[in-house]
Amino acid sequence: MENSEGVKIESTVVTEEPLISALDIALFVVIITVAYFWYFKRDKQSSSSEKKPYTIQPSSLSSIEQTSNSSFIKKLKSTGRSLVVFYGSQTGTAEEFAGRIAKEGARYKMKGMVADPEECDMADLVEMKEIQKSLAIFCIATYGEGDPTDNAMDFYEWLQNGDADLEGLNYAVFGLGNKTYEHYNEIAIYIDQRLEELGATRVHEIGLGDDDANIEDDFVSWKEKLWESVCSHYGIEETGEESNIRQYKLVDCSEVLPERIFSGEISRLKSYENQRFPFDVKNPYLSKIAVNRELHKSGDRSCMHIEFDIDGSKMRYDTGDHVAVYPKNSSELVDKIGELLNADLDAVFSLLNTDEESSKKHPFPCPCTYRTALTYYLDITSNPRTRIMKELIEYASDPKDQEKLKLMASSTPEGKKEFHEWILRDNRNIVHILEDLPSVKPDLDHLCELLPRLQCRYYSISSSPKVYPKSIHITAVLVNYTTPTNRVNKGVATNLLAQLIPTNDELPQPTIPIYIRRSQFRLPPKSQTPIIMIGPGTGLAPFRGFIQERDYARKEGREIGEMVLYFGCRKKDEDFIYENELQEYVANGTLTKLHLAFSRDQPEKKYVTHLLEQNADELWNIIGEKSGHLYVCGDARSMAKDVHSIIVKVVMEKGQMTNSQALNYVKKMEHQKRYSADVWS
């Protein structure tokens, strides 16, 4: 016979009742199962609570704030504030802008606070209407191919998936982007529009900052008009002049025990001595340099092939991902600052937020020495923003130096011109400014507060985990150039990497902190899908990983699709990187075609874009007739834009479409992930 599920059951004659029936056994199993899952679920919750990021809670927080730290509404109410400024920041600029807005709120009787959306319950935005004359401002950066920053990802997804009623919420948005990228300020624009759709009231029009030009100027211009709109909307007036009150106060830590002093760790004290998985932006892995070799055959430039050892780290990466490298500033520049300011760089100090309610207690890991701060935590090589010029004025004892700083800090046409020429065109960093304006002697602790955080550098991974599961490869050009003032500026990360040369096995190998950042730059799911790769110079990096992965599949006996690579460099005999590898892939059939452009090996310069124009039939055959994928890696400013224009033209001509239809076709390719770009400016 069959039971209700159609399973056959043997019919038997039972002559005696067993001591324990089948029903008893079944009930016993159910009870044991429920008890098992209840116990381990509770254990998992307990474990997850123990794995929360390490934070130091200030003693001034009330018990409510300690237990409900994610409620920014409770903090606003308990401290009598009406302004909250959220930031979505990848490099720290948006966070800096948010702090400046919150600070200025006092001039308009709006006491403000800065908030990280990742640490807040953003659903509390619906309660903002309960606070009289309240305002939420969002300083939001867009990075990558139209992606939200890591700390704004949850908020972005909440806006996408939720339908909260935000009526009564007053808001304004400032976006940070770069016009050389296709998805310019896409996240800020979306947030601005989505908040309005959910019923919120826009107090001031969105501001769009362009980091390819002068984002500081864009921000200041927008901010000035923002406060005009705020005064009009709330019927308030400015109460006084802008204040230069410091956000952090200096604390002498000379008595702190050495084991409590940070020495370059990103977040957790002694994290490099006691490494703990998982590794991320706040907890990088201290990787050994396994290989560091020169790729250029001759010439005065250098391109390095570097392999990071991740054996035993539990780190995993996918082909196309990026690796973040944490650099440090040169001791020469750090010592120069100490010399110019006559400061003791080995003094131990801390900077403590003057706002006791702020979740951010320090601008960087404290306590530490000034030498550590200037070496590991502060950016001393980039061009300072006009805000720093303004803050340095009070430290200038020479009237001429003072006037120069005042001019560059102003928003007048003359001031903007002077700042552009003296700072940006001449490429001066803070060390150069202190050298060229000798009467400017800022307090070193104040300078540490003003300077932006030193950021990690991202590199496209040039290996496949199928072939190299225990190492990560990168391809990096050494950055050195002479400025108009005849100073030699050096790339922070690449010049550090150039010094990290592995030795024999008997000596400790050089190390550097890294972590893996996931990317959407991916091979097609099916190995049979044909692809075109366009990567001049170090743009070849991710494609080396792509080719390795397809070659691995071929050796396993799987069918692989056509692989067409467009590569360009200056001279074949100088900077044709990975030449032997590429030729081998052509010989074994993994790489179907290798199109090469050597720009300076003939009288007229020849680039990969010229080859693309010549090979329109091949391009259309793969992306049009065979629905293949197209990838671009390299310079966003010109190369990537030129490639895009050529692809649109090919689609028009070979696909017999109008310009509008061709643009839509390419846009559809992008949405389908058939047209992907990994570019930088």
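Okay, let's start with a question: which side chain does Arg428 meet in a salt bridge? The partner is Asp426, at 3.0 Å, N to O. By salt bridge I mean a side-chain nitrogen of Lys or Arg within 4 Å of a carboxyl oxygen of Asp or Glu.

Quick housekeeping before I go on. This is a predicted model, where local features need pLDDT of at least 70 and side-chain atom pairs count only at pLDDT 80 or more, while totals for chains, interfaces and linings use all residues. Residues are numbered from 1 along each chain as its sequence is written, and side-chain values use heavy atoms, with hydrogens and water left out.

Back to that pair. Arg428 and Asp426 are both buried; buried is under 20% relative accessible area, exposed is over 50%, and partly exposed is in between, with a 1.4 Å probe and protein chains only. They also belong to one network, joined by salt bridges that share partners: Lys336, Glu339, Arg425, Asp426, Arg428, Glu435, Asp436 and Arg487. And Arg428 has a second contact to show you: it lies over the face of Trp422, 4.0 Å from the ring centre. The rule there is NZ of Lys or CZ of Arg within 6 Å of the ring centre and within 35 degrees of the ring normal. Arg517 does likewise over Tyr458, at 3.7 Å from the ring centre.

Across the whole structure the search gives 44 salt bridges. As a reminder, side chains of opposite charge can pair when their charged atoms come close. Let me pick out two that span the chain. One is Asp217 with Lys416, at 3.2 Å, N to O. Asp217 sits in helix 7 (residues 215-234) and Lys416 in helix 12 (residues 413-425), so this bridge ties together parts 199 residues apart in sequence. Helices here are DSSP runs of H or I with at least four residues, strands are runs of E with at least two, and both are numbered from the N terminus. Asp217 is partly exposed at 23%, and Lys416 is partly exposed at 33%.

The other is Glu579 with Lys297, at 2.2 Å, N to O. Glu579 is in helix 18 (residues 579-588), while Lys297 is in the loop between strand 9 (285-294) and strand 10 (303-309), 282 residues apart. Is each end buried or partly exposed? Glu579 is buried at 16%, whereas Lys297 is partly exposed at 42%.

Now the rings. There are 25 aromatic pairs, meaning rings of Phe, Tyr and Trp (its six-membered ring) with centres within 6.5 Å; planes under 30 degrees apart are stacked, over 60 edge-to-face, and the rest tilted. Phe138 and Phe155 are a stacked one, 5.5 Å centre to centre with 5 degrees between the planes. Phe138 is in strand 3 (residues 135-143) and Phe155 in helix 5 (residues 153-161), so the pair ties together parts 17 residues apart in sequence.

On to helix 21, residues 639-654. Its 16 residues reach 22 Å from first C-alpha to last, close to the expected 22 Å, where the expectation is 1.5 Å times one less than the number of residues. Among its buried residues are Val643, Ile646, Ile647 and Val650. An α-helix has 3.6 residues a turn, so residues three or four places apart point the same way. What do the buried residues of helix 21 pack against? The list includes strand 19 (531-534), helix 20 (616-625) and strand 22 (629-635), with contact meaning heavy atoms within 4.5 Å.

Last topic, the backbone. Most residues other than glycine have a negative phi, and most peptide bonds are trans. Just after helix 21, Gln656 has a positive phi of about 55 degrees. Tyr578 also has a positive phi of about 55 degrees, and this residue is buried at 6%. Lys109 has a phi near 55 degrees and is exposed at 68%. As for cis peptide bonds, one joins Phe277 and Pro278, with omega about 5 degrees, and another joins Cys366 and Pro367, again with omega about 5 degrees.

And disulfides? The count is 0, using cysteine sulfur atoms within 2.5 Å as the rule. For Cys448, the nearest cysteine sulfur is that of Cys368, 7.5 Å away.
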